[in-house]
Each structure stands twice: as C-alpha cells, then as structure tokens.
Amino acid sequence: MKPDSKFREIDPQGDQVTVRFGSTELRLPQGENLAGALLAAGVMPFRHTPVSGAPRGPFCMMGACFDCLLEIEGVNRQACMVQVSAGMEIGMPSTDGATDA
Amino acid sequence: MGPQMHSTDLIVIGAGPAGMSAARRAAESGLSVLVLDEQPTPGGQIYRDVDRASKTRGPILGKDFTDGRTLTQGLLHENITHLRGAVVWQIEDGTRVAFSQDGKGALAVGKRILLATGALERPMPLPGWTLPGVMTAGAAQILLKQSGIACERAVLVGSGPLLYLVAAQMVRAGVPPLALVETQTKSDLAKSMRHFGGALRGWPYLVKGLRMLWDLRRAGVIRHVGASQIAVEGNQTASGVTFRIGATEHHIVCDTVLLHHGVVPNTQAARSIDIPHRWNDTQSCFVPVCDEWGRTAVSTVFIAGDGAGIGGAKAAALAGEIAALEIACDLDTMTKKDRDAAARLLQRGLEAERAARPFIDSAYPPYAGALTPSDDTIICRCEEVTAGDIRRMAGLGCLGPNQTKAFGRAGMGPCQGRFCGLSVTQILSDTNKIPPDATGYYRVRPPLKPVTLGEIAALAE
Amino acid sequence: MTSDYAIIGGGIVGLSTAWGLLKRGLRVTVLDGDDGSFRASRGNFGLVWVQSKGMNQPRYAQWSQESAAAWAGFAAELSDATGHDVGLEQNGGYDLHFSEESLETTVEKYEILKEKLGGNYPYEVLGHNALRLEEPAIGSKVVGAILHHQDGHANPLKLLRALADDVRRLGGVILNGKHVTSVDKTDLFRIRCADGTEVRARKTVLSAGLGAVTLGPMMGFAAPIRPQRGQVMITEKLPKFINRPSLIARQVDEGGIQIGATNEEVGLDDTVTQPGLSGLAANAIAAYPALAKAQLVRSWGALRILSPDGLPIYQESPEMPGAYLVTCHSGITLAAAHARFLPDWLEGSNAAPNLEVFSETRFKVS
C-alpha cells in the first residue's frame, strides 16, 4: 500500500501475484476485482478519453460507465468486470487519447 | 464446433435479489431456469459478492447485506443453471438471448424471459464530475463490499439514504468520510411530512435511517445540509468540493468525491426490445410499463425488481417471486388458484416494503442543480457533450434525444446512454418546454454491452 | 406567410435541396417529422460513391459522378459558413472481392460502362498483393479489389447538422415535429399538418422518404417506392488501420469501424437481428481479420427508400404542376447534386440538368 494512497485496504486478503501495467510490474491480490486492486495500488488515471484526452478513472464500479476501460490481454475491457490473475498484461486502452502520446 | 445453444423454460437476466428469488421460485415450481449474470459471483449490486464478503466484512456491512446469502444459496437447485460472467448483448423475439461468456458467443432460447437488471445511479452531472477521484456512492460501497477497499479523505455529496448507509459503513470500517454535503432542504422535509403515514407503516426503514444518522452523529461526521451550486475542483484529479449553503460559500479539500442522489431503473434491456415506458415525475425517471405480475407489452417478457421501479432489495425479492408465480402459471406448472394464494402474502409484503417510498422520495429529491446543469457541465461522459451543446441542439430543431444523438453524438459512446440518457431527456424537455414523456428517450439497440465481432460472427450460421 | 418552396421532409435530400434553393435567394420552408420517425438520413453508411452505380443506366453513373465532383466545393462552403467540418475524404474506394470470378465479372461490366461514359471511369484492379500494400490489414481471403478513384466518404451526421445549421442561417424556416396530412393547390400550394400548422408556397418538393407512399398519391405521384432494411454496425474507436472505404467496412472520422450492410425486404421493420449482425461481422472479419478482437458498441437498422430499379425518381406532378417528387437511396452521394444542380431543374432554368431518365413514367405505372 502506497503511503499517500487515496484508498485503504482494510483487510488485505489473499495471495499477491505479479501483473504488468504498461512497463511497470505491480503486485496485486489474486482473484480480486481488477479496478479496485489498481486503485489501491495507486494507479490513476486509467485512461485518457479519445475525444479530448481528458484523464478518467473508475466511476460506477458496476460495468455501466466504461470509464475504467483498459487494454487487458489485448482487448479493451472494463477493469471493474475483470479479476486479477497472475501474469496479466494490462495497458491503457488502444484508443487512449493522451495528449503527450 | 458451433456456438453453445441453451434451451430452457425461463431465462433470468441478472442475479440480484429479484433474479435470484424468481429463479428459486420458478425452479421449485418445476420449471427449468437459466440465470445469466455478468458478475463473477451472484448477488447483484446490493448483495455484491455477499458469499465471500459476509465472512470477512459482515460486521462492517451489516445484516441487511449478509441476509443476501439466503438468496445466493437459493440458486443451488437442480433446476437452476447459473452462468457467471455471462454478458447479454441482445434479446430478440421475446425469447432468444445472445450472450457472451469467457470470450465465446452463445445463444439461449426460453419460453419466458425475466429481466432483473436492477438499478443504476441517477446521473448527477456537476462541474468537474468526470475527474478521476469522483465516483458514485454505490461505487465506494462496491469497493468496500467486494474488495475491502475504503476511500480515504472522501466527501459524500447528494441526497438519499444510501449516502448515510455508505457513510455508516465507512465509519465502521475505520475510515470515516470527511463530510456529507447534502442537497435536500428543510422545505423538502416539510413537504414530505404528508407521506409520513406511509413512513410509519414502513417503520423498520425509518428506524434504520434514524440509527444511521445517530451513528454518524456519534462518530462526529460533519453534515452540510441544503447545499447548492456544487462543483468538484481539481486539475488532473479531484482535489476538493465547493458548494453554497444559503449565502455562505464552502470549500472542502478532499481526495475522493462520492456522488449519489437516488437510483433509477436500468431500462437498457427493456428499451432494446421496445417495451413501452412512462415518465415518473417524483423520481424523475422512466419506468417500464408492466402489470401487477411484472408482465410487459411483450407477453413473454417480465420485469421484476428495481428495474421495474425503485423499491429496494426486499421489495425486489418479493417482486421476483410474484413474477415467477405468474410464469409458472403461464407454463402450466401451477394453477391460477395456487398462484393467487401464494401471491396474496407476497403482495402484502410488497406493499409494506413500498410504504416508506413516497416519504423517502419526497424528503430526498434529486439534486435540482444536477437536473438543470450549467452550460459547461459535461452531460455525455463518453463523448464529452455538454449541457450547452444539448441546448444548442434543441435550438437546431432537435425535439428528442435521437436527433440530438445524431447531431451531437451524445449517447453514442460505450455506455450507450446509461449515464446521460435521463439528463439529455430532461434538458431537452426543459429547453423545448415539452414534457419528458413526449420528449422520449434514446432508441436502444444491441449490443447491450460491447461484444467482440469475433464472438458475434461465431453465431453466424 | 408564403414561401417560394415548401419542402416536405427535412432529411438529407430535403435539406440539401432547401440549401440550394436558399442560395438562389428563394424563400424556403421545410417541414420535418419527429424524433422517432424512420429517418433514413440517420442510418446511412456515409459513402460518397460512384462505382457500381448505373451499371444499366449510364446517366445515373454520370449523375453520381457530377455530384461527387461537386462534393468538395459543397463541403467547403458548408464548413466555412457553419464551422462544421463534414469529414469528406475522396481518396478512392474499394469493391472488395473474395473470388476471381466475381472480380472478373464486375470488371467486364465496368469496362462496358466506361465506354458509354466516354472513358470517364477511372478505376484500377488490384490483386491481393497490390491491395495489401494499400491496406496492410486486408485479409488473405480477399483475392483483390477494384479501386475507383472517384469514390470517397463523409460523416453523414455532421453533414445533416451542418445543413440544419446553414439552412436556418440562410433564412430557411424549419418546422420540426410536423406530420403533413394534406396537400392541395389552388393558385398556391397549401400544406396542412396534423397539429393545424399550414404552410403556403408557390412550389412544393416531396422529399419525405417513405412518407411519399402516403403523400405521393395525394399530390399526383405514383411514388412506387418500398422500404429495404439495411443493418449497420459500428465498433469502438480504434487506431487508424483501414485507409479507404468499401461497402463492407470503413473507418469513420471519429475512429470507429463502420460495417455494413444487409439488404432485407422486411417492410417497415428497422429492428436489428442477431443473424443479421452475425453475418455482417463474419464478412467484415473475412475482409479485415484484426476486426475479430474489435468491440461492437452500436448497431442500427435503417430503411432505404428504393424505387423498382433502385435509381432516383425526379418527377414533376402531372396533376399538380409545381409539385416535385425527389427520392433516392444515395442521399449522401447525391447531396451535392441536390444542392447545386437540382434547384435549376426545379426552377426550370437554362442550366437545368437532364433528369428525364429518372421520371416515374419509366415504370409504366398505370
């Protein structure tokens, strides 16, 4: 858990596994909700909008808003609908509108 | 190898309280049931991941949450096939459902379909609401329930009992919110008093509500009531909230802003099969038209739970059972007499559950500022279309959301209008001075959720 | 208040025509339907297309070419006036083929048409490898393509919006949410709507798409048109990987890949079907295999307005002179022609294009 994290894990459970987010390696709890795990690990933003490049992160956590879209194993998917598994390859979505791309 | 094809009596879409309860009752009546749920574990949103979370976080989340285990256990019946992670993307002819599971396309055919897709947070457009660090109160609750993650330095903004529930759960988790910024006014409370009789009939909710408020008071959680002109501050992420109470301007520095001003039926699936809806003025939302059993104008399709009208988890479970009784009757595994006998008790329970609703809706109305957003407020989050854009579109002759969508792209993004639909209808209605019912809503088409072309192609003959 | 022209139907055909008339200083009122109307203009594919048109009627091929040639100027003028770029790209388009036989058959037909057009039909045949140089993402099942240099595409919704904007700016009156119930003529046309609105005009253009089925006979037209459903799909926004459009797929200016389209005779049914979508998806993946991983985010069905031979109808009413039927299924391609050249035909000026072959009488309707 990062020192100035905006999110606190109140009862860390389960084994940690290694995943890759872009070029960074992260240790996340196995089987947990991916969006939640990434938030707790300090990942923010998740993506930049294709329209204006504005930063976005998870908003609804229930698969309705699509603001938590990430490229997961080559397909753009909602991180809040996916569970952490060892060796996952994660990145910003392929349509990321980052202005410094 | 061709796609998987499931044939069943009843297809239930959604494993929340309504879906789980309906599935059980239908199964006990001798029907085969296929439950399709997009989540990896049953419970819907209100009982999210309850099987696992009860064990570790039960005390924090409360008995109302852990009670959900009865329903999840109810899915373990030999007549019920529960498919997890099954994402429905199309419903056709009132009997066929195309869905995707583990990246593979599949089809299901049922004699009856029950839509139990629950509710969504009512969209609450504010300046700055798209910044990272802004989430719904429901999202914060899901993080707590499912992942044991609490938001540090958070401010809850809006109105409604869920705000208090989430705050109370955060307090119990040891991470209390910095403050509550509540939009309901004393005048709202005064007006709601004429519904107080109903509130008394639904007294368990009243008691729960008062207890939560007491817990918050004891924990020293600051409540700012009667707030307006609310905005989220921040550059790349949320860094604070500003608001006004009376003539005083307030500013709270925070890391997370949690929004909530009620939930509304998730009408996406119902709309996609052209089920008629009507506007509910008190709740500022569209509600599908159903009979007392939940049957819609598409005679093989039923709706139960919050998706048919907001009533909460217990009401949803009762409505699910009621729908299942009628479906069993339809399919000749139950007589009308038995159906009516069983339904009587359930319907009384439903009335009791709904008794407090008018009071709650009146005491905690939607935040007016979000229903009449400033021109520069983003309304369509996906395509970044502002309220001003939509008002301009009305000026270009757009009488309804579909022309507005065509001209301005609002509603064309991946969320398919879930978070902007009601706002767009509201703004058009206000600008054109045409009631919401006549203004209409987005035409909803498949896919209900994005699905890869490969999965769709796999279903081609 | 009397207009020079009352235009019944505010879709792409009505608005393009209105725009052209307004540019000539005429007073125009447009009567448009409501939010839920069928509106082919909201559902089309967005191609500005020349190839494969008028294979049996060279004049139609020519009319399409004239429109395509005028499109850039039309788009620029709209853009300058409204600030809305309609996303026109005219870098050529493909007819993709999955068999050598179909490719050869089509080339033969194109050669015949080319001769009738005096050689003005600039196309080339690309074998798979040559096509792959132009379209690296093309699939191995595509044996080749016909690249026609007069083809292109635009953003039809931006076009609609720009027209709605500019028609108003030019002083056109657009009345939305109107259902025309009757049209009669004494010295002027009087058009009445369900809500009591009345419009009077010197002349009337019926460009109401499928609405011509009921309104046409009232105005002395046979209007032998029928609906034909086209289902269309669009994916999430993706990095650019399709360079030129074809009827199977094109990458729109917003980034999504648009995939089309079915041709179904199902009456007034614009719903989308799973078999329809599955067929389109399979075809698109055969052409561009990378699409298998692309997410579908939207689909729609729209009803084309088809005459018996698929060609436009431009007809003055024999019973009500001054009333004109204008209908076609290539509203985007022909938008420039409707804006630039059709007004001359409506006004009967010296510059009027020859549209004889598009008269209703060709159907020998009794």
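In chain B of this predicted model, buried residues account for 60% of the 461 residues, a residue being buried if 20 or more other C-beta atoms, placed from the backbone, lie within 10 Å of its own. Local features need pLDDT of at least 70 and side-chain atom pairs count only at pLDDT 80 or more, whereas totals for chains, interfaces and linings use all residues. Residues are numbered from 1 along each chain as its sequence is written, and chains are lettered from A and ligands numbered from 1 in the order in which they are written.

Chain B contains 19 helices and 23 strands; these are DSSP runs, numbered from the N terminus, with helices (H or I) of at least four residues and strands (E) of at least two. Because its radius of gyration of 22 Å is close to the 23 Å given by the globule rule for 461 residues, chain B is as compact as a globular protein of that length. The radius is taken over C-alpha atoms, and the rule is 2.2 Å times the number of residues to the power 0.38. Along the principal axes, the C-alpha atoms of chain B fill a box of roughly 65 × 50 × 40 Å.

Chain C is assigned domain 1 (2–76 + 156–224 + 309–363), domain 2 (93–149) and domain 3 (226–306), with bounds from an automatic or database domain assignment. The centres of domains 1 and 2 of chain C, taken over C-alpha atoms, are 33 Å apart. Their contact takes 10 residues from domain 1 of chain C and 10 residues from domain 2 of chain C, contact meaning C-beta atoms, placed from the backbone, within 7 Å. On the domain 1 side, helix H2 (residues 58–82) of chain C gives the most, with 4 residues.

How values were computed: Contact = placed C-beta atoms within 7 Å. Buried ≥ 20, exposed ≤ 12 C-beta atoms within 10 Å, placed from the backbone.
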